[in-house]
Amino acid sequence: MKKVSIVLSLICMVLSLSLVLSGCSTNKSGQQPSSTPDASVHVSPQVSAKPSTRTITDLAGNTVEIPAASEINKVVIVAPPLLATYASVVKDTSKIVGVHTIALSQVNKDLLNTIVPNWESINTSFLAGFTSNAEEVLKLDPDIILVYGAFMKDGLENVDIPIVDFCISDQQNESWSVQIDTLMREIFDTNDNTTLQSEWDKANEVVSTALQSVDKCSKKTAVMIMSNTGDAITVRGIGSYGDDWLVKTGLVNVAGELKGDGVAVTMEQLYEWNPDIIYVFQGVGAAKYLENSIGGQDWSEINAFKDGKIYDMPYGMFNWGSPNADSPLTLIWMTMKNYPDLIKNDYFITYMKDYYQRQYGITPTDKTIDLILNPTR
């Protein structure tokens, strides 16, 4: 039922988050007494209550009427990274009836089994790519559908179910991951002290302290590979989430002269850039680069290969190369990989265990952590 899907590409528009305007409406109807009622007859109006609703503004700027949190019993998630945020905010995943298969494939399986124990029963067949089959969606009978961008609304045009769009144009990992956390809390009326912003504040302090000794001249260079099919290589240029990760963890993005995500490059261009560090977001795993076993590509002349500094992006509750509920961990982990003398591995492992306890209520084992950080093993 669940086939592993391929590449997730994050796109879209709109910069600001508008908070919810709360409201509640009921509709009463029943018998009305005549203008001269019989005093001996007591008339009790029949009351049929309409489900309570609220009006929110989603991240794409749309005004959406959604049910009260207590009346949201079935949820469909089309945007893959949102499953991690839902699990972090709501905790109970039993209400999820449909999800994109990528949300279940780019995740550590130990975490998935623990945090989303019902994952095998969640429907993924209502989607072809990111296009929904309206008939199949209606069979799921969801109370709300969560998407990222207009392209994820394909097939839902005539479905009379509230659709909340989590898409923004600002491709900053902190900004978007915090906004989806905030909106998710609003939708499901969840309030606690473990907001993602508080986690980002902690992570930013750790990283800013560590990077104080790294001046502009001593920064290492890097590139994040978006995908590599063997025939074609694409990288993450300026204005992408990948560029944001590299810059915020004290690196110079050698692809910063290119604009956008998934920009095609040649091996000759990579030789010219000669990055100190390479991060692999999708596709062929880092081990293949380090073995220099990708057909038609010779990585042996690049500094990152010579120094063994080619890394897969970890798979926690989602691929850490995408903004999601694990993103504060990404910030610290990448800084540690970039400058291992500044953040020690033992410190990070302890931090990571505490983080998962705060955000998901679990403490992963050392084995699970190893598999999160080395997903292609």
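Start with the open sheet: 4 strands, order 4-3-7-8, with parallel pairing. Strands here are DSSP runs of E, at least two residues, and helices are runs of H or I, at least four residues, both numbered from the N terminus. Two strands count as paired if DSSP finds at least two bridges between them.

Now the edges. Strand 4 (96–99) and strand 8 (163–165) each have a single partner strand, so one side of each has no neighbour in the sheet. From one strand to the next, the twist averages 20°. Angles run from 0 to 180 degrees between N-to-C directions, with axes as lines fitted to C-alpha atoms, for helices over the stretch in contact.

A word on the source. This is a predicted model: local features need pLDDT of at least 70, side-chain atom pairs count only at pLDDT 80 or more, and totals for chains, interfaces and linings use all residues. Residues are numbered from 1 along each chain as its sequence is written, and side-chain values use heavy atoms, without hydrogens or water.

Back to the sheet. Strand 7 (residues 144–147) pairs with strand 8 over 3 bridges, in the parallel sense. There, Ile145 has Ile163 in strand 8 as its bridge partner. Helix 1 (residues 82–89) packs on this sheet. Helix 1 touches strand 3 (75–77), strand 4 and strand 7, where contact means heavy atoms within 4.5 Å. The direction of helix 1 makes about 140° with that of strand 3.

Next, the hairpin. Strand 1 (residues 53–57) and strand 2 (residues 63–67) run antiparallel, joined by 5 bridges. Thr55 stands opposite Glu65 in strand 2. Between the strands lie 5 residues, and Gly61 takes a positive phi near 90° in this hairpin.

Is strand 1 mostly covered or uncovered? Covered: 4 of its 5 residues are buried, meaning under 20% relative accessible area (1.4 Å probe, protein chains only).

Conventions: Buried means under 20% relative accessible area, exposed over 50%, partly exposed in between (1.4 Å probe, protein chains only).
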